[in-house]
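Subject: Structure handover and notes

Dear colleague,

Please find below the structure that I promised to pass on to you. My notes on it follow directly after.

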Amino acid sequence: MKWRGGKQSTNIDDRTGRSSGAGGKLVAGGGIGTVIIAVLFFLFSGGDISSLPDVLGGSEQAANYQTENVAANDYTEEKEFSAVVFGHLEDYWQAVFQERQESYQDPTLVLFTDSVQSACGYATSQVGPFYCPADEHVYLDLSFANELANTYGASGDFAMAYVIAHEVGHHVQNELGITQQLEKIRQQVSDTEYNAYSVRLELQADYLAGTFAKYLAGETYQGQPILEAGDIEEAITAANAIGDDTLQKEYQGYVVPDSFTHGTSAQRVAWFNRGYQYGDLSHGDTFNESTLDLTDQ
């Protein structure tokens with residue numbers, strides 16, 4: 001992916017190097033890394049899925065933090081990359097909502113080190129990237145790129161771009177009112193039943209990340225295509241590496257489908273590919289899709 005020197009988002013809150021005191025448990029929406037934590041909770045709680053941490057919601061009052069461009073604050077390539085990807089996401093989703101004649105509020109990208117306090121609670125870098133609907137912020141510890149590459153074998157800049165796009169996909173769901181609908185359902189169903197809804201929410205975010213990839217495939221920078229050979233494969237590798245079944249097999253040697261919250265590797269790849277194929281919102285209704293594996297498509 002060509003990104004060096006690209007336009008950076010100004011909706012960046014750089015908190016790297018700051019310490020955050022512990023607070024309440026995280027109740028953020030749909031972080032990619034939360035599936036890893038969920039697996040560990042399942043293991044150490046004796047298989048009781050009611051012990052899984054919340055991965056959607058949060059109603060605490062959002063804190064006010066200064067927003068600034070990363071170029072002015074302890075520059076690193078990782079910060080520039082994240083800000084450029086976030087800028088592309090802003091351009092894309094603003095255009096999509098404008099075409100729909102609907103308003104869209106850009107989220108804020110919070111860069112942090114080790115731990116962070118959000119309006120959804122306190123989180124460490126172990127949680128992985130996450131979106132908090134209570135303050136409409138995407139939270140990202142830049143060390144996750146190394147973990148994605150070294151632990152899960154998903155290297156390459158577009159693997160990380162997929163991660164960021166997935167989290168912004170949760171913001172899009174929030175803007176469309178999908179998050180709020182799911183929160184109402186959450187109060188009416190069992191944990192096992194809600195897990196099935198959570199899977200559909202996550203797969204839709206993967207689909208939205210795919211539509212973003214489709215958009216970038218048609219964009220250029222300084223006369224050259226932004227996407228390069230192998231970029232889509234990097235995203236697919238990342239989606240495959242963090243499926244519920246793949247992670248559960250790795251951590252415990254077997255899978256428990258009722259505990260899935262993000263979808264299988266095959267499902268995550270299929271929905272990302274579907275988004276990349278169609279590049280629109282109309283083909284991403286995971287909630288009314290009978291076959292999430294998309295094997296009959």
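In which sense do S5 and S6 pair, and over how many bridges? S5 and S6 pair in the antiparallel sense, over three bridges, where two strands are taken to pair if DSSP finds at least two bridges between them.

Before going further, please keep in mind that this is a predicted model, in which local features need pLDDT of at least 70 and side-chain atom pairs count only at pLDDT 80 or more, while totals for chains, interfaces and linings use all residues. Residues are numbered from 1 along each chain as its sequence is written, and side-chain values use heavy atoms, with hydrogens and water left out.

Overall picture

The chain has nine helices and eight strands, these being DSSP runs numbered from the N terminus (helices: H or I, at least four residues; strands: E, at least two). Of its 297 residues, 53% count as buried, where buried means under 20% relative accessible area, exposed over 50% and partly exposed in between, with a 1.4 Å probe and protein chains only. Among the contacts in the chain with a separation of 6 or more, 77% are between residues 24 or more positions apart, a contact being heavy atoms within 4.5 Å.

The sheet

Four strands form an open sheet in the order S1-S2-S6-S5, with mixed pairing. Its edge strands, each pairing on one side only, are S1 (12-14) and S5 (130-132), and neighbouring strands are turned against each other by 25 degrees on average, direction ignored. Strand S2 (residues 108-112) pairs with strand S6 (residues 137-141) in the parallel sense over five bridges; valine 110 stands opposite tyrosine 139 in S6, and the bridge partner of phenylalanine 112 in S6 is aspartate 141.

Cores and aromatic rings

The largest nonpolar core has 58 residues, and those with the most contacts inside it are Leu89, Trp93, Phe158 and Tyr162; such a core is a set of buried Ala, Val, Leu, Ile, Met, Phe, Trp, Tyr and Cys residues joined through side-chain atoms within 4.5 Å. The elements giving two or more residues to this core include H2, S2, S6, H4 and helix H7 (231-241). A second, separate core of 10 residues includes Ala119, Phe130, Cys132 and Tyr139.

The structure holds 10 aromatic pairs, counted where ring centres of Phe, Tyr and Trp (its six-membered ring) lie within 6.5 Å, with planes under 30 degrees apart called stacked, over 60 edge-to-face and the rest tilted. The rings of tyrosine 92 and phenylalanine 212 have their centres 6.1 Å apart and their planes at 50 degrees, so this pair is tilted. Tyrosine 92 lies in helix H2 (residues 77-99) and phenylalanine 212 in helix H6 (residues 191-217), so the pair ties together parts that are 120 residues apart in sequence, and both residues are buried. Tyrosine 162 and phenylalanine 272 form an edge-to-face pair, 5.7 Å centre to centre with 85 degrees between the planes, which links helix H4 (residues 157-175) to helix H9 (residues 265-278), 110 residues apart. Tyrosine 162 counts as buried at 1% relative accessibility, and phenylalanine 272 likewise counts as buried at 1%. One aromatic cluster is formed by Tyr92, Trp93, Phe97, Tyr104, Phe212 and Tyr215.

Best regards

Technical notes:
Axes fitted to C-alpha atoms, helices over the stretch in contact; angles between N-to-C directions.
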